[in-house]
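Subject: Structure handover

Hello,

Here is the structure for your files.

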Amino acid sequence: MRISACYIVKDEAAELRKSLESIEGQVDEIIVVQTAVCSPVKAVGEEFGARLLFFAWENDFAKARNAALREATGDWLVLLDADEYFTEDTSRNLRKIVEKYGENEALLVPLTNLGTDGMDVTAPALRLVRNQQGLAYVGRIHEELCINGRPLQSLQLLGEQELHIEHTGYRKELSREKAERNYALLQEEMKQRQAEGKETGSLYMYLAEAAYGLDDTAEAERYARLDIAQGRRQVVYASRSYHLLLEILGQDPLRREERAAVARRAVQDFPELPELWAELSLSLGAVYDIRGAEEAMTRALDLPEPQGLEPVLFTDELRKTAQAQLKVWREVLAEAEMLDISACVIVKNEERELPLWLEKSKVYANEMIVVDTGSTDRTKEIAQEAGAKVFDFVWCDDFAAAKNRAIDCAQGDWLVFLDADETFDRPELLRNFLAMRNRENFSGAISVLVRAVDEEAGEQPILDYPAVRVWKNLPQRRYVGNIHEMLKDGEKEVRLYDGSFLTVRHTGYSSGRVRAKYERNLKLLWQKIEKQGGEQPEDYRYLMDCCYGLGEFALAEHYGKLALEKGPMAIDGNREVYWRLLDCLKEQGKDREEKLSWLRHCEAAFQEDGDFKGEEGLLLTEEGWQDDGIKLLMDFAGGGPCQGGQLVKHVMKRALPRLGLRLAEAGRREEALSWLEPVLSSNPYNPEMWQGLRLLMPPGAFMTKIMPNFKERAQALRELWHWAGEKMDLELLAALQEEFSVAGIPVPQQELWGRVLAGDKAGALEAAGKMENTAAETLFISLMQLPAGSKLEGIEFLPEGLAAVIKAYRGEGGMPHDKRAVVQGLLTCRKYWHSWQEEYRHYLQVFGIDEGGRLY
């Protein structure tokens, strides 16, 4: 059997010498293709009896390597780079290994990339191949060996004791130069494949690596996500995009939930890799899912060493680290069991809210303290039936006094003080969180992230803000202030810990209840102001909140600016005030330039944060500046120039689906999917994500894609049905109708939509006359929002007056004679649109309605 060794070399004379020494006496022929004139390389080649050829470099590795293949005469070929060599203990095995496995088309040899940071990565590499007619490389970089265009099929994976190669080319001092070269070649290859209509997915992994080597983390993340979105590919070291993406996400504490989601998907795709289970363990620990972290680390330690195309990364050193971390997780779980926590609340007529507070509090609290300030409903009975300790307190217009009464009654080492309309999103994590703080000997207070949502509007977010809700129970720690009370250590400020990972759902500002609460707060605030002889700087922020809540947006803007100019600095750096002022501009219908000007003022005030830059991207996409908006959103969502701050989660939740939707609208399918898929896994109910995916997929593929992500199938089908109805997506409605039938669930508004889908116009008109107001409103708004020129499918199912309103609004008909229909349309628009939205203001203009809702 004759063996030929093939090289392409530029100027690596010293490296070539070491490589040739490792095959000396094992091969019959050496071919060295020089891609540049280099006398030292020529001298080394001649010394070892190599046949030297010159091939002018064309930025194409395949062409250069194929020049060597054409000259090779051996039955088997050894394909090495100049900076690769067989290890001393296996180099003498080369010929007998080829003879042993000669029936295969190629052999995969364990190859270790040596690094200077102590992290050497070993993965199989195709370095031995049987010489056949049609054998050639394909691709200008990260080239693949094929036979007449087809991939090699019969491969044998060798053990490290049989043959082992070491590679020095990825040491840090060489990496940047190589990354620059590779990135440029990969971009050229990408353009060429796109022009030829060929697949580009096989390049994403390499583009991600090269971009990361150039410190372009935004592009590295984008390409890694594109690669992962393809699913597991049958290539050597297919998991590397997961490793890279997890490393990027691990650099930003604010993205730890995203990191955990990626780690979960990683172990689904590569369940045999212990290092990914260890990564999942660390990711879950970072989000305080300590039980899950313990289970994942146990799995990592119990798995056997993987066999196959994936590299061995779970070294003995990493195993020791994993064992130590597993011990920590178990200690935290034991500490969490021993915690003594009191959950406290003050209430008055909270029979509606209190049951959920009690249910969630039981998850983490050893005792529940309920201080009642004069309930006349069943609040006290509900609390007592749930096992809470109930205490009476005579209300004296002083929130601090009432809360301090609860503190006096509590026995726990830690206190959790929420309002009755506040609950933790994930109460099961609180004990773990506090156990970690105990290990750090922390005795201050925890500032959590309160997320105000509108319960009556499908959990629509209103505002996120930091607030102290948890603290170590110390004798001197009490509330001060009759309204907007603050926790103090005597005269001192309480030392705070950023617990913004812990999110609290607050429903007290839902549209159905908010006005009464703001009126109450404003009354108490004016009483305070009268007692102190006038407004003080610390009052401005609260006056802004009350005025905003009562719809007095100009006045709220006035007090917000005073709060920034003269008021005290809050723990969030007054970021909430900046956001509130932006909302005031929107609610007053200020023009784009004024809103952009304020956003840039915010960006200057918080240069280290990217939230406002992300919001600017959202605003630009709303205002029609798609290209600029997409660029800003990509920077923000990809962790580029914009690095998120306290509200990053809220902005990111809106930025990712918006970005994916706009990319889908632009026809950029693969990029759109790379942003929409993380939204699908984290929030499968997001309508912008649905719209983006629907643009990219027919109904069947759309349903197949999204349905596995829902925990409650029936609820998901109903939500999708209403959304498809709003969009008048009859194809999707038909697909959903089949899903309802399979699931045995009644179709919402079956009488109307069943007739619509069946084409029964007369029957649908009859059903439309009977249908609920919400269904009619949904149909009305969906038709109003269709793009210009769209067919108004379903308009015939509405009363003539409302149909005329739609046509007039869209400029497709004259003014309706029925003024009652115009008013009915206005009331519907008010329900579904904000007053600052362009669509709402256009309605007022078309039908001659003033800002107060009166017909001119």
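**A buried threonine**

T87 counts as buried because its relative accessibility is 8%; buried means under 20% relative accessible area, exposed over 50% and partly exposed in between, with a 1.4 Å probe and protein chains only. This is a predicted model, in which local features need pLDDT of at least 70 and side-chain atom pairs count only at pLDDT 80 or more, while totals for chains, interfaces and linings use all residues. Residues are numbered from 1 along each chain as its sequence is written, and side-chain values use heavy atoms, with hydrogens and water left out.

T87 lies in the loop between strand 5 (84-86) and helix 4 (94-100). Helices (H or I, at least four residues) and strands (E, at least two) are DSSP runs, numbered from the N terminus. The T87 side chain makes a polar contact with the side chain of D89 (2.8 Å) and another with the side chain of T90 (2.8 Å). A polar contact is a pair of N or O atoms within 3.5 Å; within protein, one must be able to donate a hydrogen and the other to accept it, and residues adjacent in sequence count only if both atoms are side-chain atoms. Leaving aside residues up to four places away in sequence, T87 touches H164 and E166, where contact means heavy atoms within 4.5 Å.

**Two helix pairs**

Helix 7 (residues 217-229) packs with helix 8 (residues 240-249) at an angle of about 140°, their axes 9 Å apart. Axes are lines fitted to C-alpha atoms, for helices over the stretch in contact, and angles run from 0 to 180 degrees between N-to-C directions. The two helices are therefore oblique to each other: angles under 35 degrees count as roughly parallel, over 145 as roughly antiparallel, 65 to 115 as roughly perpendicular and the rest as oblique. Residues in this contact include A224 and I228 of helix 7 and L245 and I248 of helix 8. They divide into 8 nonpolar, 2 polar and 3 charged.

Helix 18 (residues 540-549) and helix 20 (residues 575-587) pack at about 35°, with axes 11 Å apart. R541, M544, D545 and Y548 of helix 18 meet E576, V577, R580, D583, C584 and E587 of helix 20. That contact has 4 nonpolar, no polar and 6 charged residues. Ala, Val, Leu, Ile, Met, Phe, Trp, Tyr, Cys and Pro count as nonpolar, Asp, Glu, Lys and Arg as charged, and the others, Gly among them, as polar.

**The whole protein**

The protein has 35 helices and 23 strands. Of its 856 residues, 54% count as buried.

Regards
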